[in-house]
Amino acid sequence: MGPRGSALICGYTTYHKMVEESLAELKKKEDCLLCPTGFSANMAVMTALGNISSLLAVGRKPTKEERIAIFSDSLNHASIIDGIRLVERQQEVVAFVYKHCDMSHLDSLLSGCSMENKVVITDSLFSMDGDFAPLPELVNLRRKYGFLLVIDDAHGTLVCGENGGGAPELFECENDIDISIGTLSKAAGCHGGFIACSSRWRRLIQSRGRSFIFSTALPVPIVASVHAALCVSRKERWRRSVIWRHVQYFASLTKINITSPIISIIVGSEETALRAGRHMLRSGFHVTPIRPPTVPPNSCRLRITLSASHSSDDIARLVDALTPWLPDKQDVAQRDDMPSKL
């Protein structure tokens, strides 16, 4: 496993540095910081941001005007939400939640906020609905208000863009993203998280991000596997092409307007979702039912993720198995009344 200690004590090796340099290059950023998980990466960024106001206040609690204003999409990942709650409770930030992907609402909140230091954070590709954040509109608002733009590109990294640079590459706005957070357990197929940013931000986060400071560093074999995955991603770009062909094929078969490899089929109640999950398993597909508290009550769903490992035949059989729950077949109320034998 290599040296087992925090990165700042003895856990940081040449392999960690190689991966950080590769990810910084991929994300078009000056530097990068490896974290034990994607969850800890988001927590580290949030606690570091909160610490800014405390550092500026010097020995006292910052006033409301001195705190950091953080604007967060209502459907952001739990790790972002928990990080904001933590620093908000410590009276270091003031949180504003804007309606999901609603740029008019965000604009209104920003214009009504008198606090000087503002941060907007959003998932780039939302994990439960499969929709993209409107990055071009966010960039326009960034230019208007001068806030720090932070994205969690967990589901876009290595999937979106010609080089796998993620949603910012897809929307051609890499230089407008200040901090790009991600995970190494999705497309990379490994483990860990990362924060791609400037060297100044890296220094702040590694000295103030407690979830990074006080966690054991990633084991060397895991880091080496991440490096290998990044090399494969660079050399075998056809994998991304296959994924997006699958997305188009699924859409053509179902007539559902999907924009990413993450597909949510909303079925309604928990009971219906569990029946649908069992049916899919018997049909040869591992499609886990998503239930509260991950999603709101009565919006339980089958969440599907397409990958380059699937074939066109797999997609066709999947759609056939999903037929009873596809939106154009019957509405949610009807699906809730399906026979219990399913």
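This is a predicted model: local features need pLDDT of at least 70, side-chain atom pairs count only at pLDDT 80 or more; totals for chains, interfaces and linings use all residues.
**Exercise 1. Is S124 buried or exposed, and what is its relative accessible area?**

*Step 1.* Find the residue: S124 lies in the loop that runs between strand 4 (118-123) and helix 6 (135-145).

*Step 2.* Use the cut-off: a residue counts as buried when its relative accessible area is under 20%.

*Step 3.* S124 has a relative accessible area of 0%, so S124 is buried.

*Step 4.* Now look at the surroundings. Leaving out neighbours within four places in sequence, S124 is in contact with D131, F132, A133, I151, D152, D153, G156 and A167.

**Exercise 2. Work out which strands pair with strand 6, and in which sense.**

*Step 1.* Start with strand 5 (residues 148-152): this strand and strand 6 pair in the parallel sense, over three bridges. Here I151 stands opposite S180.

*Step 2.* Turn to strand 7 (residues 193-197), which pairs with strand 6 in the antiparallel sense over four bridges. The bridge partner of S180 in strand 7 is A196.

*Step 3.* Check how covered strand 6 (residues 179-183) is: five of its five residues are buried.

*Step 4.* Sort the residues by direction. In a regular strand, side chains alternate between the two faces of the sheet. In strand 6, I179, I181 and T183 point one way, while S180 and G182 point the other way.

**Exercise 3. Describe how helix 11 and helix 13 pack.**

*Step 1.* Two packed helices are described by the angle and the distance between their axes.

*Step 2.* For helix 11 (residues 238-254) and helix 13 (residues 312-322), the angle is about 35° and the axes are 10 Å apart. Their crossing is right-handed.

*Step 3.* List the residues that meet: H246, Y249, F250, L253 and T254 from helix 11, with S312, I315, A316, L318, V319 and L322 from helix 13.

*Step 4.* Sort the residues of this contact by type: eight are nonpolar, three are polar and none is charged.

Definitions and conventions
Residues are numbered from 1 along each chain as its sequence is written. Side-chain values use heavy atoms; hydrogens and water are left out. Axes are lines fitted to C-alpha atoms, for helices over the stretch in contact, and angles run from 0 to 180 degrees between N-to-C directions. Helices (H or I, at least four residues) and strands (E, at least two) are DSSP runs, numbered from the N terminus. A crossing is left-handed if the near helix is turned anticlockwise from the far one by less than a right angle, and right-handed if clockwise. Contact means heavy atoms within 4.5 Å. Ala, Val, Leu, Ile, Met, Phe, Trp, Tyr, Cys and Pro count as nonpolar, Asp, Glu, Lys and Arg as charged, and the others, Gly among them, as polar. Buried means under 20% relative accessible area, exposed over 50%, partly exposed in between (1.4 Å probe, protein chains only). Two strands pair if DSSP finds at least two bridges between them.
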